[in-house]
Amino acid sequence: MRAIPLTVTVLATALALTACDDGGGGTNDKGGSACAVGGVSLQIGSASVAPAAGDTGEVPVSITNQSAPCTLDGFAGVALDAGGTPVTVPALKDAKAQKLKLAKGDSASFTISYVRGAAGDGTGVAAKTVEISLPGSKDVKSFPWTYGPVAGKTGEDTPDASVGAFQQSGD
């Protein structure tokens, strides 16, 4: 009878140790290394566009893994570019990132929420493109930003926008 609890303890310890990451940016488990823009299909879906200044809009972004298993650990990097220096969009306040492992064909999504600004008022970001990167990867993919100007919280370098956490999509 004593062998079963000892076996369970040894097995639990072994599993815990194999789940550890060495901090080197990759993992040795079946989740693979960090997902990279070049290994996934990254698409912006149909947005809930903010129709007028002060209204809130949401832009969904979907990720489908096209290659070896990979991991999303953290938040997507999002920046709005008005043709100069891109302005970083922060993670949604109090949002909790979850670690998602994507096998080939698996999907995840996140949402960019924003408050529409008034055109030409100089207090927001007159974005022309949105640049997206995945956590642990420096690769960036740009998309046209067709949702109007983004209001600024305190000026052009603090957009009233946020990036939501990754959510598993599909089954």
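Biologist: Where is Glu-131 found?

Modeller: Glu-131 is in strand β9, residues 129-133. Helices (H or I, at least four residues) and strands (E, at least two) are DSSP runs, numbered from the N terminus. Keep in mind that this is a predicted model, where local features need pLDDT of at least 70 and side-chain atom pairs count only at pLDDT 80 or more, while totals for chains, interfaces and linings use all residues. Residues are numbered from 1 along each chain as its sequence is written, and side-chain values use heavy atoms, leaving out hydrogens and water.

Biologist: New topic. Where does Ser-162 lie?

Modeller: Ser-162 is part of strand β11, residues 161-163. Its relative accessible area is 11%, so Ser-162 is buried. Pro-90 is 72 residues away in sequence, yet the C-alpha atoms of Ser-162 and Pro-90 are 5.2 Å apart. Not counting residues up to four places away, Ser-162 touches Val-89, Thr-111 and Ile-112, among others.

Biologist: How many disulfides are there?

Modeller: One, taking a disulfide as a pair of cysteine sulfur atoms within 2.5 Å. Cys-35 is joined to Cys-70, S to S 2.0 Å. The pair links distant parts of the chain, 35 residues apart: Cys-35 in the loop between β1 and β2 (40-44), Cys-70 in strand β4. The link is right-handed, with 85° about the S-S bond.

Biologist: Are those two cysteines buried or exposed?

Modeller: Cys-35 has 0% relative accessibility, so Cys-35 counts as buried. Cys-70 is buried too, at 5%.

Biologist: What sheet does β4 belong to?

Modeller: An open, mixed one of three strands, in the order β1-β4-β7. Because β1 (33-34) and β7 (99-102) each have a single partner strand, one side of each is left without a neighbour in the sheet. Strands pair if DSSP finds at least two bridges between them; β4 (residues 70-73) and β7 have four, in the antiparallel sense.

Biologist: Which residue in β7 is the bridge partner of Leu-72?

Modeller: Leu-100.

How values were computed:
Buried means under 20% relative accessible area, exposed over 50%, partly exposed in between (1.4 Å probe, protein chains only). Contact means heavy atoms within 4.5 Å.
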